[in-house]
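Please examine the sequence and the structure shown here.

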Amino acid sequence: MRTRKITKVIGALAALSLVAAACGGDDDAAEPADAPADEPADAPADAPADEPAEAPADEPAADSEMPADGTTDDMVVECDTPREMSLQLQWFTQAQFAGYYAAQDQGFYKAHCLDVTILEGGLDIVPQTQLANGDADFAISWVGKALASREAGADIVNIAQIFQRSGTLQVSFVDKGITSPADFAGKKIGNWGFGNEYEVFAALGSVGLDPAADVELVGQNFDMVALLEGEIDAAEAMTYNEYAQVLETVNPATGELYQPSDFNVVNYTDEGVGMLQDAIWADAGKLAGDAEYRDLAVSFVAASMEGWIYCRDNVEACQQIVLGAGPTLGASHQLWQMNEVNKLVWPSANGIGFIDSAAWDNTVDISLNSPNLEGGTVLTAAPSDGAYTNEIVEEAWTHIMTDGADTTGSSYAPIEVTLNEGGN
Amino acid sequence: MIRRAARRTILFCLALLLVAGAWELYKLVGPEGGGSLFGTRMIPKTSDRAMPHIWDMVQRLGEPENRGGGDPIWVTVGGYAWYTFRLSLVGLVLGVAVGIGLAVLMARFKFAERGLLPWIIMSQTVPLIALAPQVVSWSGRISIFGWEWPRWASVCVLAAFLAFFPVAVGTLRGLKSAPAAALELMDSYAASWTKTLFKLRFPAAVPHIVPSLKLAATLSVVGVVVAEISTGIRGGIGRAVLSYQQASTGDPTKVYAAVLGAAALGLLLFGLVVLIDVLLMRNRPQEVSA
């Protein structure tokens, strides 16, 4: 009889676990809300092999500025066996990471004697944690989030600040009249959470609004549904992703796609509360103590910069490279994203990848001083020494092989992109 | 037999229609913007973005993944489902093997049951999404006799982690369900424990094992899908659910293509187990009630 009772209990537990598992599945499927804001890519090994043959074979137009003084063109890396390494992205394959895919596709990594495996992110993949655990050799992460992990003990260092400015927006319909953070007062403000929301809090703080009392903060999925459904007044959006998503959606009132003129956009960079985003992070311990790893870092950063330079000068070719790597959002969305991401990378006044101390300090300052609803801040103390270094970047510049490559992009001009319905 | 099969098929289709009807009915009468109960948003919205029409979903199945061109999405999703199906199958086989192995061990040694069972139960309280990143990071770290541990194998392990549980518990119960008189008879033949296991205990356990297999089959699919979503592994239905969801701003019906694919996949694996059930039970002597 005893056993029967036990079996019953077990049965009940089994049923419970089943229900729990099913619910878990549902939740995850229904709201990829926990995803990092940025969407990413996977081992190119299993990526569809269709070559984006469109990549123009001719040299990227070396547009001006930097004469070939610093850049050594005849630096040929001796290479018996390419050095294997992995890069952890924040999300699935998309143009946000085009520079790395371009470096892969155009053979820049190979030319630097690298065999790079690009690892896509997922809902529960934290790039800087993968890096700290040794599951990846380098990782792409936002500075605020990575610094929080660093404070929690991850021994990592920012070796190249690829995105020089923040791509975060707060988007609202024109009739709400939200043109600056001061207008957030009394409104329902969507934000993502998971470390992607600190610019919202910084903006509120900068105009003296109390996040707990003066606005209604609403958790938002990584899409714009809540904005279109009128559940929130202003939605957090990346210039290169969610903002494009609304512009790819048909406005039921007109039967045409929504137009930029339908929206007011608060750009956190313009408001002075932009935080540094996509940067390349490395293992600090290995960088200091392992000469081979340090060489690897220099080569990897140099080749990746070549990829980003290529994507600046060949926007459409890079769109094709990304499409060939199998993203799930469509062609015009990726072209839009490529163009917007270029705007975040270029121009790089100090040279691509350089970590500007003013922008860094601003990010750290926001991380320290912008309390969220619970009063918590990203960081409790200023980051200890060695959170970033420009040594690798400066050394990498001298390894860039493209002839006369312009590493500042001072004459960079974005292209015009027309979005199609659903981003196709 | 055939008539029964036909009747079942018709009933199944009717059930599908009923679900579709309920969906459309709620969409018709429910509040467009949803509603609140006791201060929390609980009543689902019925707008086209939140609850697309069934026919829009079906129509979406015929359109390409990216509307620009290519195969219709049901073909693409079918490919994803096939990938996830194979992983689920490996996970299921692994889970069943581990589950039956543990059950035999526990049936043989009382102390094993006392020692293991609490851990087996406790194992199921560990959230899969907490385990997933750890298990997936095995790839690149483990190599067995030169065989590099691939990422998909981690997904199978996670599926097996869910699937073994009902099998272990169900089989244990089954192995113990052999009638005392029959066990005493085997004893009187001086049959070894293994002999008794295969001649008596396993056949007696079949009615307990089969339902546990059905549970394990669906759990295995859940395990693979959750692991795919959690770690972003490419090629399967979980990844499709996640990335289609992201397109929901402008293309709300797209995600349902993946959801339907996941459902079809679960049914397929379930059907496979039913087939095993039929094969196993076919030659079974009818129970004679005492």
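Chain B contains 10 helices and four strands, where helices (H or I, at least four residues) and strands (E, at least two) are DSSP runs numbered from the N terminus. The model is a predicted one: local features need pLDDT of at least 70 and side-chain atom pairs count only at pLDDT 80 or more, whereas totals for chains, interfaces and linings use all residues. Residues are numbered from 1 along each chain as its sequence is written, while chains are lettered from A and ligands numbered from 1 in the order in which they are written.

Read from the N terminus, the elements of chain B follow the order α-β-β-α-α-α-α-β-β-α-α-α-α-α. Along the principal axes, the C-alpha atoms of chain B fill a box of roughly 70 × 55 × 45 Å. The domain assignment, which is automatic or taken from a database, divides chain B into domain 1 (1-51) and domain 2 (63-282). The centres of domain 1 and domain 2 of chain B, taken over C-alpha atoms, are separated by 28 Å.

Of the 290 residues of chain B, 40% count as buried. A residue is buried if 20 or more other C-beta atoms lie within 10 Å of its own, exposed if 12 or fewer, and partly exposed in between, with C-beta atoms placed from the backbone.

The discussion now turns to chain A. Why is helix 6 (residues 198-206) of chain A largely enclosed by the rest of the structure? Seven of the nine residues of helix 6 are buried, so the helix is largely enclosed. The buried residues include Tyr198(A), Glu199(A) and Phe201(A). Among the elements of chain A that cover them are helix 5 (143-151), strand 5 (168-173) and helix 13 (357-369). Just after helix 6 of chain A, Gly208(A) adopts a positive phi of about 75°.

A further part of chain A shows two helices packed together. Helix 11 (residues 315-324) and helix 12 (residues 331-345) of chain A pack at an angle of about 125°, and their axes are 9 Å apart. Axes are lines fitted to C-alpha atoms, for helices over the stretch in contact, and angles run from 0 to 180 degrees between N-to-C directions. Helix 11 and helix 12 of chain A are therefore oblique to each other, since angles under 35 degrees count as roughly parallel, over 145 as roughly antiparallel, 65 to 115 as roughly perpendicular and the rest as oblique.

Conventions. Contact = placed C-beta atoms within 7 Å.
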